[in-house]
Amino acid sequence: MKFIKSTFTILALIFLTYSCGVQNKMQNTTTADEMLIRISEIKIEEQYLEAYIKILKYEAEASVRLEPGVISIYPMFQKENPTEIRILEIYADNEAYKAHLETPHFKEYKSSTLNMVESLKLIDMEAIDAETMSKIFKKLE
């Protein structure tokens, strides 16, 4: 289990680098009011955890790299319970989110992990300090 935690930590840092990188910058037209910000709370069946993480890594990286409207897909897990996955999702707007749902990489993720997920809860969020977001997420520059 330590290997999975170490591997996932390294991969999470890689995803953060992609999310904060200068690749695929968006025009500075996105406002906090337009953004769709969400936290996905996902519980994974323990026997599928390693396979799920592998699939999730690919989907998150592809989403940020290929989709200009995806600001962040940042997956993480609870230290005390690695089957409890959380994903910080930030989209430029609702249209970017809808487009994301239609991409081949998201559809592959969804169909290949369906039997691995014990529960899923999507929580829509609102930014408290939207001005700082452009300093954190370079795609907003």
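Buried means under 20% relative accessible area, exposed over 50%, and partly exposed in between, with a 1.4 Å probe and protein chains only. The model is predicted: local features need pLDDT of at least 70, side-chain atom pairs count only at pLDDT 80 or more, and totals for chains, interfaces and linings use all residues. Residues are numbered from 1 along each chain as its sequence is written, and side-chain values use heavy atoms, with hydrogens and water left out.

**View 1. Glu108 on helix α4.** Glu108 is found in helix α4. Helices (H or I, at least four residues) and strands (E, at least two) are DSSP runs, numbered from the N terminus. Glu108 counts as partly exposed because its relative accessibility is 49%. Glu59 lies 49 residues from Glu108 in sequence, yet their C-alpha atoms are 8.3 Å apart in space.

**View 2. The whole chain and its confidence.** The protein chain holds five helices and four strands. Along the sequence they follow the pattern α-β-α-β-β-α-α-β-α. Of the 141 residues, 41% count as buried. The mean pLDDT (the predictor's confidence in each residue, from 0 to 100) is 83, and 74% of residues reach 70 or more. Over residues 8-28 the pLDDT is below 50; this stretch has 45 contacts in the model beyond near neighbours in sequence. Contact means heavy atoms within 4.5 Å. Among contacts between residues at least 6 apart in sequence, 78% join residues at least 24 apart.

**View 3. The buried side of helix α3.** Helix α3 spans residues 94-101, and its buried residues are Ala96, Tyr97 and His100. They lie on the same side of α3 because they cover an arc of only 100° around the axis. The arc is taken from the directions from the helix axis to the C-beta atoms. An α-helix has 3.6 residues a turn, so residues three or four places apart point the same way. The buried residues of α3 pack against β1 (36-44), α2 (49-66), β2 (70-77), β3 (84-91) and α4 (104-113). Asp93 caps the N-terminal end of α3, with a side-chain oxygen 3.2 Å from the backbone nitrogen of Glu95.

View 4. The whole structure contains three aromatic pairs. Rings of Phe, Tyr and Trp (its six-membered ring) pair if their centres lie within 6.5 Å; planes under 30 degrees apart count as stacked, over 60 as edge-to-face and the rest as tilted. Tyr91 and Tyr97 form an edge-to-face pair, because their ring planes stand at 65° with centres 5.0 Å apart. Tyr91 is buried, at 0% relative accessibility. Tyr97 is buried too, at 15%. The charged end of Arg38 sits over the ring of Tyr97, 4.8 Å from its centre. This label requires NZ of Lys or CZ of Arg within 6 Å of the ring centre and within 35 degrees of the ring normal. Tyr52, Phe106 and Tyr109 form one aromatic cluster.

**View 5. Arg86 in strand β3.** Arg86 lies in strand β3. Arg86 counts as buried, at 18% relative accessibility. Its side chain makes a polar contact of 3.2 Å with the side chain of Glu84. A polar contact is a pair of N or O atoms within 3.5 Å; within protein, one must be able to donate a hydrogen and the other to accept it, and residues adjacent in sequence count only if both atoms are side-chain atoms. Leaving aside neighbours within four places in sequence, Arg86 is in contact with residues including Ile39, Glu41, Tyr74 and Met76.
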